[in-house]
Amino acid sequence: MATIKEIAELAGVSRGTVDRVLNGRGAVSEQTERKVLEIAQALQYRPNRAGIVLAARKRNLKIGVLLFDNGNPFFDEVLLGVQKKSRELSDYNCSVSVSRVNFSLEAQLAALDRLAEDGACGIVLTPYNDPLIRDKINELDSRGIPVITTNTDIQNSARLAYVGCDFYRSGQTAAGLMHLIGKPPVRAGIITGSSRVLCHTDRIAGFQDRIRAEYPDIRILDTRENSDDEFESYSNTLSMLEEHPDINALYFAAGGVYGGCRAVLDAGRTDMTVIACDKVPTTREMLLNGVIDATICQQPSTQGSLPLELLFTYLATGQRPAHEYNYTSIDIRIRENV
């Protein structure tokens with residue numbers, strides 16, 4: 001493991017300069033700071049844990065967490081990870097404030113402003129995919145309030161890192177499963193959450209691209225949104241099946257899986273191939289009952305705990321996350337291993 005002395009020698013600066021950079025004490029040029037941080041990351045420098053505790057206790061850190069709150073039980077599992085890590089961080093004099101808002105640009109912008117006004121040193125965010133949210137993240141970063149995105153990302157922003165699923169690859173995985181399980185010729189429908197959430201559009205892009213490249217036996221006939229709402233999912237899935245009676249496979253690329261599966265049952269389409277996401281209790285129920293053939297999971301608890309750990313370390317020591325993209329595992333579950 002690298003030492004401050006070794007980093008100083010490679011950077012051609014004093015140990016005091018390295019200490020100021022790694023502990024965010026300022027009085028260092030931007031060029032020197034960047035050089036020291038690059039060397040520290042390349043050498044996989046890890047600060048002494050006792051130093052982290054001491055620095056954090058002196059700073060009285062406060063982290064804000066902003067998650068979606070739209071009836072999707074997946075985020076209840078993310079919240080469990082947040083709460084577990086929050087209890088650990090309380091020992092370091094770091095408090096965590098959690099807010100949840102629905103799929104609304106205005107609600108998320110207002111909540112971000114509230115967290116900043118309440119003194120958040122950093123924010124963990126599931127971002128609504130809109131240029132105004134990107135601009136807000138950039139504004140917060142310029143004010144010294146770093147943001148780590150979790151569960152879903154936002155492009156071209158100054159966020160510090162992303163924690164969550166590689167959703168494009170998850171969509172590709174769904175296409176492969178549908179090819180293996182579906183009864184040819186496969187005629188598929190897609191039920192998704194919102195085109196304003198990047199993880200949903202990335203899943204669909206991966207699904208579509210893989211089908212175009214590898215699986216000409218699969219045709220996608222329709223795509224509909226449900227805002228992760230079970231009732232909207234039921235209605236939209238039922239109308240899709242009525243309008244496209246030749247659909248024999250469904251890909252649920254977001255929440256609302258239970259409502260969609262109820263529509264499959266009420267339409268008498270128990271022969272349908274169904275690929276879903278995550279394993280919240282209702283999805284697990286449908287998997288065990290044979291309505292869902294497979295579901296692709298993404299470690300929600302890690303999406304709650306890891307962003308807090310990365311952000312706390314950065315705030316306490318100045319150490320940036322080793323990776324910009326911190327992907328969770330793509331975990332395929334069927335009835336036998338759920």
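Trainee: Which residues have the most contacts inside the largest nonpolar core?

Mentor: Those are Leu61, Ile63, Ile148, Leu308, Leu311 and Phe312, in a core of 32 residues. Keep in mind that this is a predicted model.

Trainee: And which helices and strands each supply at least two residues of this core?

Mentor: Strand 1 (62-68) and strand 5 (161-164) do, along with helix 5 (74-89) and helix 13 (300-317). There's also a second, separate core of 19 residues, with Leu177, Met178, Ala294 and Ile296 among them.

Trainee: Why would they group like that?

Mentor: In soluble globular proteins, nonpolar side chains tend to be buried together.

Trainee: Back to Leu311. What is it in contact with, leaving aside neighbours within four places in sequence?

Mentor: Leu311 is in contact with Ile63, Gly122, Ile123, Val124, Pro146, Ile148 and Leu160.

Trainee: OK, zooming out. How many helices and strands does the chain have?

Mentor: The chain has 13 helices and twelve strands. Its radius of gyration is 23 Å, close to the 20 Å that the globule rule gives for 338 residues, so the chain is as compact as a globular protein of that length.

Trainee: What box do the C-alpha atoms fill?

Mentor: Roughly 70 × 40 × 35 Å, along the principal axes. Of the 338 residues, 51% are buried.

Trainee: What about contacts between residues 24 or more positions apart?

Mentor: They account for 71% of the contacts with a separation of 6 or more.

Trainee: Switching to charges. How many salt bridges are there in the whole structure?

Mentor: The search finds 17. One of the pairs is Glu88 with Lys85, whose closest N and O atoms are 2.8 Å apart.

Trainee: Where do Glu88 and Lys85 sit relative to each other?

Mentor: They are three residues apart in helix 5, so about one helical turn separates them.

Trainee: Which residue does Arg224 meet in a salt bridge?

Mentor: Asp222, at 2.9 Å from N to O. Both Arg224 and Asp222 are buried.

Trainee: Tell me more about Lys136, then. Where is it found?

Mentor: Lys136 is in helix 7, which covers residues 131-142. Its relative accessible area is 12%, so Lys136 is buried. Its side chain makes a polar contact with the side chain of Glu139 at 3.2 Å.

Trainee: What does Lys136 touch, not counting residues up to four places away?

Mentor: Leu109, Leu112 and Asp113.

Trainee: Last one: Gln41. How far is it from Leu61, C-alpha to C-alpha?

Mentor: Gln41 and Leu61 are 23 Å apart in space and 20 residues apart in sequence. Gln41 is found in helix 3 (residues 30-42), and with a relative accessible area of 40% it is partly exposed.

Trainee: And which residues is Gln41 in contact with, leaving aside neighbours within four places in sequence?

Mentor: Pro321 and Ala322.

How values were computed. Residues numbered from 1 in each chain as written. Predicted model: local features only at pLDDT ≥ 70, side-chain atom pairs only at ≥ 80, totals over all residues. Heavy atoms only, no water. Helix = DSSP H or I, 4+ residues; strand = E, 2+ residues; numbered from the N terminus. Buried < 20%, exposed > 50% of the residue type's maximum accessible area, 1.4 Å probe, protein only. Polar contact = N/O pair within 3.5 Å; in protein donor to acceptor, adjacent residues only side chain to side chain. Contact = heavy atoms within 4.5 Å. Core = buried A, V, L, I, M, F, W, Y, C linked by side-chain atoms within 4.5 Å. Rg over C-alpha atoms; globule rule 2.2 N^0.38 Å. Salt bridge = Lys/Arg side-chain N within 4 Å of Asp/Glu carboxyl O.
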